[in-house]
Amino acid sequence: MALTATACAPSTALQTCDGAQSYGLAIRVLDASSGASLVQGATGSIQDGAYAEPLTPGAAENWPSLRENEQVLVGALERAGTYAVTVRHPGFQDWVTRDVRVTRGACGVSPRQMTARLAPEPDRR
C-alpha cells in the first residue's frame, strides 16, 4: 500500500492509494426513448489526438452514481486526456461527444461517468 502526500489544501493531508488501476471513463448506454440498457451489443471508441482506443464492456465498481456491477463501456485505463467519445449500437444513431476531460488525481486518474442516450435510427422507407 502506497502513502502519498497531497497538496490539496494548506494543511499536509495524507491520502492512501491502494495501487489499483482505474478506468478514466465509464459510459452507461441507454435507449433514449425507453431508458432500457443497450450496453449488450454496444461498441465505442475514444480518441485523444492521435491516440485511439476501443471501449470495452465492464462492470461498474466503486462508481457512486452507478449500481454495483452495472454493465457499462469503459476506457482510458489510467490515461488522462481530452477525448472524443463515440458509442454505436445496431438500429440506433451514433452518440458522439467531444472535449471529455479525464484528469489525473493524487492516486491515478479521476474517473468520469457518462450516460449515452441513443436515439433509434429513422425509418428508412
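**Ground rules.** I number residues from 1 along each chain as its sequence is written, and I use heavy atoms for side-chain values, with hydrogens and water left out. Since the model is predicted, local features need pLDDT of at least 70 and side-chain atom pairs count only at pLDDT 80 or more, while totals for chains, interfaces and linings use all residues.

**Salt bridges.** I looked for a side-chain nitrogen of Lys or Arg within 4 Å of a carboxyl oxygen of Asp or Glu. By this rule I count three salt bridges.

I started with Arg79 and Asp48. Their side chains form a salt bridge at 3.1 Å, N to O. Arg79 is in the loop between β7 (71–77) and β8 (81–88) and Asp48 is in strand β4, so the pair ties together parts 31 residues apart in sequence. Strands here are DSSP runs of E, at least two residues, numbered from the N terminus. I then checked accessibility (buried is under 20% relative accessible area, exposed over 50%, partly exposed in between; 1.4 Å probe, protein chains only). Arg79 is partly exposed at 24%. Asp48 is partly exposed at 22%.

Next came Glu78 and Arg104. Their closest N and O atoms are 3.6 Å apart in a salt bridge. Glu78 sits in the loop between β7 and β8 and Arg104 in strand β9 (residues 95–105), so this pair links parts 26 residues apart in sequence. I find Glu78 buried, with a relative accessible area of 19%.

Asp94 is partly exposed at 43% relative accessibility. Arg88 is partly exposed at 38%.

**Rings.** I went back to Arg79. Its charge lies over the face of Tyr51, 3.7 Å from the ring centre. The test I used asks for NZ of Lys or CZ of Arg within 6 Å of the ring centre and within 35 degrees of the ring normal. I also searched for aromatic pairs (rings of Phe, Tyr and Trp, the last by its six-membered ring, with centres within 6.5 Å; planes under 30 degrees apart are stacked, over 60 edge-to-face, the rest tilted). I found zero aromatic pairs.

**Val39.** Is Val39 buried or exposed? It is buried, at 8% relative accessible area. I place Val39 in the loop between β3 (23–31) and β4 (43–48). Leaving aside neighbours within four places in sequence, Val39 contacts Val29, Gln71, Val72 and Leu73. Contact means heavy atoms within 4.5 Å. The C-alpha atoms of Val39 and Gln71 are 6.7 Å apart, across 32 residues of chain.

Note on methods
Helix = DSSP H or I, 4+ residues; strand = E, 2+ residues; numbered from the N terminus.
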